[in-house]
Amino acid sequence: MSPLHLSFYSAFILSGLGLAFHRTHLVSALLCLESMMLSMFVGLTMWSIESQTPSFATVPIIMLTFSACEAGTGLAILVASTRTHGSDHLHNLNLLQC
């Protein structure tokens, strides 16, 4: 395994660990999700460059499009929860009260 692949894998795993252990604010959860998507994007880009197949060139762009949609939805949820609950703490959000 090359050091480049190791850095992408470790970035993804560290983002997952950050998402699992730092669940106090919605902003930190969204940042961990975005760093996971960024490491997946860079990994897919490097994979399409290494395979040198033109049909795989659009896969990272499609994944980046879905990542932008996920970020927009996450920010909309952040704004809506901050307006209704007053903060972005995840312990204030309860689906049974909605």
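1. Cysteines. In this predicted model, C32 is buried, since its relative accessible area of 14% falls under the 20% limit for that class. C69, by contrast, is partly exposed, with a relative accessible area of 46%. A search of the whole structure finds 0 disulfides.

2. Annotated spans. The unreviewed UniProt entry lists residues 6-22, 29-49 and 61-80 under "transmembrane region". These assignments come from the record, where annotations may be inferred rather than shown by experiment. Residues 29-49 are 100% helix and 0% strand, with 30 Å between the end C-alpha atoms.

3. Nonpolar surface patch. Which residues form a nonpolar patch on the surface? The patch consists of F12, I13, L14, L17, F21 and M40, and together these residues have about 610 Å² of accessible area. Helix 1, which covers residues 3-21, supplies the largest share of the patch, namely 5 residues.

4. A member of the patch. L17 belongs to the nonpolar patch and lies in helix 1. Its relative accessibility is 40%, so L17 counts as partly exposed.

5. Aromatic contact. How many aromatic pairs does a search of the whole structure find? The search returns 1. This pair joins W47 and F56, whose ring centres are 4.6 Å apart. Their planes meet at 35 degrees, so the pair is classed as tilted; a stacked pair would need planes under 30 degrees apart, and an edge-to-face pair over 60. Both partners have some accessible surface: W47 is partly exposed at a relative accessible area of 40%, and F56 is partly exposed at 29%.

6. Backbone at Q52. Where is Q52 found? This residue sits in the loop between helix 2 (26-51) and helix 3 (59-85). Q52 has a positive phi of about 55 degrees, although it is not a glycine. Is Q52 buried or exposed? Q52 is exposed, because its relative accessible area of 70% is over the 50% limit.

Methods
Residues numbered from 1 in each chain as written. Predicted model: local features only at pLDDT ≥ 70, side-chain atom pairs only at ≥ 80, totals over all residues. Heavy atoms only, no water. Patch = residues over 30% accessible without salt bridge, like charges linked within 9 Å, V, L, I, M, F, W, Y side chains within 5 Å. Areas by Shrake-Rupley, 256 points an atom, 1.4 Å probe, with all protein chains shown as cover. Salt bridge = Lys/Arg side-chain N within 4 Å of Asp/Glu carboxyl O. Helix = DSSP H or I, 4+ residues; strand = E, 2+ residues; numbered from the N terminus. Buried < 20%, exposed > 50% of the residue type's maximum accessible area, 1.4 Å probe, protein only. Disulfide = S-S within 2.5 Å. Phe/Tyr/Trp six-rings, centres within 6.5 Å; stacked < 30°, edge-to-face > 60°.
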